[in-house]
Amino acid sequence: MADSYFCIYKNTMITKYKPKSIGRRTVPARKVSGGGRVNIENFSRRRTRPSGRGQTYFKAADARGKLKIIVLGGLEEVGRNMTLIEYNKEIIIIDMGLQFPEEDMPGIDYIIPNISYFEGKEDWIKGVIITHGHMDHIGGIPHIMGEIGNPSMFMGKLTAGLVRKRCEEYRECPKLNIAIIDETSSLRLGLNFKVEFLRVNHSIPDCFAVIIHTPVGTVIHTGDFKIDFSPVNDKPADLNRIAQIGGQGVTLLLSDSTSATKPGYQISESSIGDEIDRLFEKINGRIIIGTFASQLSRIQKIFDLAAKHGRKIYLQGRSMKDNVEIAHQIGYLKFNPHLLVCDTELRRLQDNKIIILGTGAQGENNAFLMRVVTGEHKTIRLKRGDTVIFSSSIIPGNERTIQSLKDIIVRQGAKIIHYEMMDVHAGGHAKQEDLKLMMRLLKPKFFMPIEANHYMLQAHADLAEQVGISRDNIFIADNGQILEIEKDVKGNIGGALSQEKVITDYVMVDGLGVGDVSNIVLRDRRVMAEDGMIVVIATIDSKTGDIIGNPDIISRGFVYMKENKKLIEDTRMKVKQIAKNSSSRTQNDIDHIKNTIRNNIGQFLFSKTKRRPMVLPVVIKV
Ligand SMILES: [Zn+2]
């Protein structure tokens with residue numbers, strides 16, 4: 001019940017989530033899977049010993065090896081991000097995301113990275129680093145961690161809260177060994193890696209770029225980022241430090257390409273807030289906002305504006321409540337709990353004192369907004385005078401759903417605001433000028449665009465060339481391709497993309513099943529979705545081989561049987577003929593009859609209808 005939730009919620013703030021912090025200072029060595037040891041050094045030490053030129057830290061490491069960069073997901077799509085960095089049988093993993101399914105994957109919940117590459121190499125994994133708390137970076141964790149030996153994980157405090165919450169929902173997720181990091185942390189992972197963090201901005205607080213010092217130089221993985229000089233409830237990216245790292249020499253930059261096709265600079269989260277502020281001023285009725293539960297910066301702004309405009313917030317949608325609760329408890333969302341109202345309080349409030357904040361700006365079926373609009377929500381009904389704000393841009397592919405959602409909203413007398421300034425998805429990522437700034441400051445020798453579709457990677461590569469990175473040193477890879485970087489005897493560093501690929505086939509998650517939906521299952525679903533199915537049941541006398549009575553025909557999604565009596569009757573006759581022409585004494589014969597029914601009836605129905613329903617023959621011997 002919403003009522004009890006809020007009442008409990010208000011009374012239990014700051015109790016449940018107490019992430020295990022490793023603090024800012026020295027922490028005892030921690031045993032990790034594979035026998036490696038993790039040292040978390042303090043920040044002041046990093047200052048006295050300048051970072052960069054990573055090889056000075058690697059007396060024990062062999063600098064003659066090859067550094068391999070393998071991206072398992074995120075080079076042919078926006079989503080499923082997972083990158084691994086390998087050197088001399090030591091691996092660190094960055095992110096473990098999910099990807100939402102394509103349109104031709106009916107019934108699939110989401111896709112996770114394929115981890116076949118780690119088979120037999122579990123001991124090599126020295127740590128998993130998570131850049132931030134969005135699903136396309138954390139969604140695979142509950143499914144993957146148990147499969148790779150549950151190595152130590154490192155992430156920001158808010159990210160840890162979101163990861164732990166997600167893992168509670170999956171029984172297969174082992175108890176995770178998470179250490180909290182921030183921009184002052186410094187980790188030694190295995191013999192070959194020293195890792196530091198750089199705070200960057202995005203649409204959720206606590207985002208970090210990862211600096212990895214390796215025996216062949218420094219690698220930087222930006223994670224998702226934008227450069228925001230006035231972020232909401234987050235610290236701005238530290239440009240000084242980025243420049244300092246650039247000055248020390250960067251061998252390879254892996255950088256976010258999500259908005260690489262968009263010219264200009266990304267707008268600041270606080271100017272998006274100003275726009276919402278102006279909108280709120282003009283609205284007199286209830287405000288209903290649909291957004292992503294992960295857009296915590298946007299959600300913070302809505303809380304601030306609710307307080308400013310004297311409105312209360314009625315929070316809806318499970319993921320929204322979870323995220324707000326976690327972020328509030330660890331201090332990443334700041335608001336007075338009295339801003340939140342329960343069902344009973346909501347009924348007493350005037351319309352101009354209410355903001356209803358929930359999930360579902362993409363027309364998602366079970367999300368709060370859809371349930372309200374279709375009248376399926378328990379307590380909230382749309383009414384004249386309401387204003388519905390879609391606080392996110394439309395993800396390609398969702399256009400039609402959102403259009404029909406808007407039709408239903410307007411028919412009920414409510415107004416719609418779908419303001420492009422409040423563009424959530426693009427809003428979190430660096431645009432062309434920001435990307436160039438990052439490259440100018442870091443001055444990498446090699447560059448590899450990541451985290452987008454191929455054409456966006458290409459656009460990012462063009463930008464890299466514009467800022468002076470040699471085309472030969474820019475690598476546009478596909479998922480699973482291996483970028484190898486090595487040092488020759490004279491100390492020159494060379495890089496090349498191998499043609500060999502590791503396996504990155506889709507692993508699909510459907511309900512409780514992980515990876516058990518193959519392409520064959522998907523093809524069947526598509527066939528059934530497009531042309532339906534027909535079941536043919538024939539009973540055969542085992543002594544004579546004759547068919548008994550009339551075969552039964554059942555159609556679902558193919559034709560309406562009552563209106564197609566002739567077609568059904570002709571199909572029956574065909575089945576009888578097939579049975580008559582075959583012998584049917586052994587099991588082989590039965591299989592043969594089934595195959596013949598499947599093929600011949602399939603062809604027959606196609607010749608009559610130009611449709612290809614799935615034909616399921618059932619032959620019973622009596
Ligand atoms: Zn993100």
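I take two strands to pair if DSSP finds at least two bridges between them. Strands (E, at least two residues) and helices (H or I, at least four) are DSSP runs, numbered from the N terminus.

**Basis.** I am working on a predicted model, in which local features need pLDDT of at least 70 and side-chain atom pairs count only at pLDDT 80 or more, while totals for chains, interfaces and linings use all residues. Residues are numbered from 1 along each chain as its sequence is written, and side-chain values use heavy atoms, with hydrogens and water left out.

**Sheet.** I looked up the bridge partner of Ile 93 and found Val 128, in S7. Strands S5 (residues 90-94) and S7 (residues 125-129) run parallel and are joined by four bridges. I then traced the open sheet: eight strands in the order S9-S8-S7-S5-S4-S3-S21-S22, with mixed pairing. S9 (178-180) and S22 (493-501) stand at the edges; each has a single partner strand, so one side of each lacks a neighbour in the sheet. From one strand to the next, the twist averages 20°. I noted helix H5 (residues 157-168) packing on the sheet, where H5 touches S8 (153-155) and S9. The direction of H5 makes about 155° with that of S9. For contact I require heavy atoms within 4.5 Å; axes are lines fitted to C-alpha atoms, for helices over the stretch in contact, and angles run from 0 to 180 degrees between N-to-C directions.

**Cores.** I define a nonpolar core as a set of buried Ala, Val, Leu, Ile, Met, Phe, Trp, Tyr and Cys residues joined through side-chain atoms within 4.5 Å. Buried means under 20% relative accessible area, exposed over 50%, and partly exposed in between (1.4 Å probe, protein chains only). The largest core holds 131 residues, of which Ile 85, Phe 118, Ile 141, Val 195 and Phe 303 touch the most other members. Leaving out residues up to four places away in sequence, I list among the contacts of Phe 118 both Ile 91 and Ile 93, as well as Ile 125. Another core, of 21 residues, lies apart from the largest one and includes Val 536 and Phe 604.

**Ser 297.** I located Ser 297 in helix H8 (residues 296-308). Ser 297 is buried, at 4% relative accessible area. A polar atom of the Ser 297 side chain lies 3.2 Å from the backbone oxygen of Ser 203.

**Cysteines.** I found zero disulfides (pairs of cysteine sulfur atoms within 2.5 Å). Cys 167 is buried at 9% relative accessibility, and Cys 207 is buried at 1%.

Note on methods: Polar contact = N/O pair within 3.5 Å; in protein donor to acceptor, adjacent residues only side chain to side chain.
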